Amino acid sequence: MKKISVIIPVYNSEKTLERCLNSVIVQTHKDYEVILVDDGSKDNSLNICFEFAKKDSRIKVVHKENGGPSSARNKGLSVSEGQYVSFIDSDDSIDSDFLEKLIQGFENKGVDLVISAIRIEGFKNKFVGFNENAILEKNKFNRFFTQDNFYGLMSSSCNKLYLREKIKHYFPEDIHNGEDAIFNINYLRSCQKIVLTNDISYNYYYENKESLTKRYTDKRFDDMLKTSNILKEYFIENKIDSNKIIGRLILRDVCSITKSLMKSNKFSNDEKRKRVKNFLNNEIVIASAKQAKSVGVAEKIAFYLIKNKMSRLFMFCCKVFN
């Protein structure tokens, strides 16, 4: 068997950590290590990590000062010993055959990356995946970026198995939204062949995704623009028609960021409106509004409001349909 390093960043995860670890320690593929990186938790998470490590010699516990998920994943990478690497969030879980199904993808010669479908718990129990299993050369794989929801799969590091020797760039620690996408784009640059599997064995718990993925900070908008620029560079390098795709992703992110802003109690209505007006008057957003093609009624309405800079009505819709 080939050894896999399973890296799990942990921060204030006492409510979900046991569920996550109970799913990890029963994998049918037996040759793996589990690296728990406690990122300065203030609850009982670190003690839970030590309890599991006492019972299972494959588990390593690393404790560090708080630096965010990227910092924690990078620490895990620095101490990993596996030939392959998998990342799991501490509020998610995996089916018992998750690692086995991923490692099977590497039985094909020359494979650099295996990507699985994701089951989204707590969001109408939907899943994000592919039409069929496939082994693709990178030029054919790049065409998948035009498919709806495919970028959603590439914006996560948790439904994949990476070759450790191919990881030349770690997670960017100065970006707190979009860091997984940047890591994946950098990794793709060294890939030649990718396996897509429609097996659903990663369970993403939507309701637990608070903090960084849902909480509003002023930095989220800047991070989004940086991430979209890096993605655009990759598209240009690989001769992918990017304008419509990038435009749509940017407008979707503007909607997501505005929804988070509307939920926040840190700002007055005037302060919120000022921020939204700045979003809609940003030159990149303006260009995106001209290029993006919407899918579905809700997206059409949102994109129309953004394009016409109707900030008050856009804010109202984001609040009502949050």
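So, S2, helix H2, residues 45–55, and strand S3 form a β-α-β unit, and that unit is right-handed. This is a predicted model, by the way, so please hear everything I say with that in mind. Strand S3 covers residues 59–64, and it pairs with S2 in the parallel sense over six bridges.

How many of the eight residues of S2 are buried? Eight of the eight, so this strand, residues 32–39, is largely enclosed by the rest of the structure. In S2 both faces are covered. On one side we have Tyr32, Val34, Leu36 and Asp38, and on the other Glu33, Ile35, Val37 and Asp39, all of them buried.

Ser41 sits in the loop between S2 and H2. Is Ser41 buried or exposed? Its relative accessible area is 15%, and because the cut-off for buried is under 20%, Ser41 counts as buried. Its side chain makes a polar contact of 2.6 Å with the side chain of Asp38. A polar atom of the Ser41 side chain also lies 2.9 Å from the backbone nitrogen of Asn12. Setting aside neighbours within four places in sequence, the residues in contact with Ser41 are Val10, Tyr11 and Asn12.

Helix H3, residues 69–79, belongs in this part of the story too. Its buried residues are Ser70, Ser71, Ala72, Arg73, Asn74, Gly76 and Leu77. What do they pack against? The list is S1, S2, S3, strand S4 at 84–87, and helix H7 at 179–188.

Next, please turn to strand S10, residues 193–205. Strand S6, residues 113–121, runs parallel to S10, with nine bridges between them, and Ile115 stands opposite Leu196 there. Strand S8, residues 134–137, is antiparallel to S10 and joined to it by four bridges. In that pairing, Ile135 has Val195 as its bridge partner in S10. Strand S5, residues 93–94, is antiparallel to S10 as well, with two bridges, and Ser93 faces Asn203.

In soluble globular proteins, nonpolar side chains tend to be buried together. In our model the largest nonpolar core has 94 residues, and the members touching the most others are Ile8, Phe141, Phe145, Leu188, Val254, Phe279 and Phe314. Which helix gives the most to this core? That would be H10, residues 243–263, with ten residues. Beyond its neighbours within four places in sequence, Phe314 is in contact with Val254, Cys255, Thr258, Val276, Leu280, Ala302, Leu305 and Ile306.

Lys239 has a phi near 55°, a positive value in a residue other than glycine. Lys239 is in the loop between helix H9, 219–237, and H10, and at 79% relative accessibility it counts as exposed. Lys309 also has a positive phi, about 55°, and is not a glycine either. Lys309 lies in the loop between helix H13, 297–307, and helix H14, 311–320. At 40% relative accessibility, Lys309 counts as partly exposed.

Let me zoom out to the whole chain before we chat. The protein chain has 14 helices and ten strands. Its C-alpha trace spans about 60 × 45 × 35 Å along the principal axes. For 322 residues, a compact globule would have a radius of gyration near 20 Å, and this chain agrees, at 20 Å. Buried residues make up 52% of the chain.

Definitions and conventions
Residues numbered from 1 in each chain as written. Predicted model: local features only at pLDDT ≥ 70, side-chain atom pairs only at ≥ 80, totals over all residues. Heavy atoms only, no water. Core = buried A, V, L, I, M, F, W, Y, C linked by side-chain atoms within 4.5 Å. Buried < 20%, exposed > 50% of the residue type's maximum accessible area, 1.4 Å probe, protein only. Contact = heavy atoms within 4.5 Å. Pairing = 2+ DSSP bridges. Right-handed = clockwise from strand over helix to strand, strands pointing away. Polar contact = N/O pair within 3.5 Å; in protein donor to acceptor, adjacent residues only side chain to side chain. Rg over C-alpha atoms; globule rule 2.2 N^0.38 Å.
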